[in-house]
Every structure is written in structure tokens, then in C-alpha cells.
Amino acid sequence: MAAASCRFPRGVLFDLDGTLLDSAPDMLATVNRMRAARGKPPMVLAALRPHVSRGARAMSAVAFPEVPPERVPDLVPEFLATYREELGRHGAPFPGVEALLSALEAGGVRWGIVTNKPFDLARDLLPGLGWAQRCAVLVGGDSLAERKPHPMPLLHAAAALGLAPGECAYVGDDRRDIDAARAAGMASVVALWGYRPDDDDPVAWQGDTMVEAPERLLDPEAWPVGGAERRP
């Protein structure tokens, strides 16, 4: 039997916010600065957290429910400008993420990030996390003509790793992540530790597997990849 460290997928791609990084505190600081500028009291983290993976528009909408839906996009430039100033100041990797990345690297696995966050914001986070030299590929939401749930970003990332989609697994905490992985022909892992509204049932996403915590993925057998597609 092959050693456990040699049975991870050849490549692993991750979503960023809500999967690798608990960035909700940065987002909370952002919306609370916007609310304070309008004389509104601060939000609590629990109210914002379920919406973080859905991006600036969704967070702006929940932070300002009185704004008509068609006007919410007007808040996004302010959100992004404020978030840039709070970037990396409050958030941190989820517990167990560093151990998982180290285990993948020790097993010879190349890993990367495919996020819908603007590329420059994602890129600027990596040095402070110690990931700038370790992340083999980074694809942002504005890197290509399409973004998740379209498969293009995942296919682009796999090609950059020099791997076929079937040799990779994608880990994410949002339905768009799982839909993108399926469309790309890539194994999918639902990160149950991430950001998700209470009424969103991850079982309905039909991911290949669901995992409660990053530490579970330290076991190569937890990955939904066939033996022919694992490292020999």
C-alpha cells in the first residue's frame, strides 16, 4: 500500500474567504466604518458572517437593508476602498489550515487559490499570511472573463499547475464553488466550517464530500479522488 503522504490529490485548489481564511472580522470592520459614517450603530459579526462568501454586494445589502436592491451596487466601490484599508488587519487562517497546507506540501502536492475576490486584494493578503511563495497559482474574480460558478477559473488554475482537472480537488464553502468544480470535472470538497446562511443546505449542493474541519483533510483517504488520480 502506498504511504499516506503520497495519496493526496496531485493538485488542490481552495476558495479563499470562508475556506482558507476567516476574513469575516475584516469585513465587519469595513461595513461598520460605512455604517458609522452614516450615523448607524455597528453590526455584530454573527449577522454578517453568513454572507461573507457571497461578496461585497451581498455584504453591502445585509449591512444596509434599507437600500433598494437596484442601488446596492452603488455601495460596492466604497466597500472595496474601505476594505482595502482593513485588509488582513483582523482576520486569520481558520484553525487547522496551516497544518493542512503543510501536510499537502510535505506530500508533494501543489496547491493554489481560486477566489471571486478581486485579484489584487487576494494577492495583497498572501504575504502577511506567509503564502505568497507557497501558493502555486492565484486566480481572482476579475482575472478572467468569467468567475465562479463558471468553470473557467478552475480550469485555468489546473492548467497553470500543469494538471488535468481530474487530477485536482477543489475545496470551498459556497454552492458556487461546488457548481464550478462539477462543471470543471474536478472533485469537490464542501468546507462546512465556512460562511453559510442557516437556510442554505450544503447537502443540496451535491459535493463529492463534506468536511467539518480542515484537520479532517490531513487524512488522504478523506479526499474524494480515485487512486488513479492520486500521487503514485
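Which residues does Asn-32 touch, not counting residues up to four places away in sequence? Asn-32 touches Pro-42 and Met-43, where contact means heavy atoms within 4.5 Å. The model is predicted, and local features need pLDDT of at least 70, side-chain atom pairs count only at pLDDT 80 or more, and totals for chains, interfaces and linings use all residues. Residues are numbered from 1 along each chain as its sequence is written, and side-chain values use heavy atoms, with hydrogens and water left out.

Asn-32 lies in helix H1; helices (H or I, at least four residues) and strands (E, at least two) are DSSP runs, numbered from the N terminus. With a relative accessibility of 17%, Asn-32 is classed as buried (buried, under 20% relative accessible area; exposed, over 50%; partly exposed, in between; 1.4 Å probe, protein chains only). The backbone nitrogen of Met-43 is reached by the Asn-32 side chain at 2.7 Å.

Helix H1 (residues 24–37) also meets helix H4 (residues 76–86): their axes come within 9 Å and cross at roughly 125°. Axes are lines fitted to C-alpha atoms, for helices over the stretch in contact, and angles run from 0 to 180 degrees between N-to-C directions. The two helices, H1 and H4, are therefore oblique to each other; angles under 35 degrees count as roughly parallel, over 145 as roughly antiparallel, 65 to 115 as roughly perpendicular and the rest as oblique. Residues of H1 in this contact include Met-27, Thr-30 and Met-34, and those of H4 include Phe-79, Thr-82 and Tyr-83.

Asp-15 sits in the loop between strand S1 (11–14) and strand S2 (21–22) and is buried, at 6% relative accessibility. Its side chain makes a polar contact with the side chain of Lys-148 at 3.0 Å (a pair of N or O atoms within 3.5 Å; within protein, one must be able to donate a hydrogen and the other to accept it, and residues adjacent in sequence count only if both atoms are side-chain atoms).

Lys-148 is joined to Pro-149 by a cis peptide bond, with omega about 15°. Pro-149 belongs to the loop between strand S5 (138–139) and helix H7 (152–161). Gln-206, although not a glycine, has a positive phi of about 60°. Gln-206 is exposed, with a relative accessible area of 59%.
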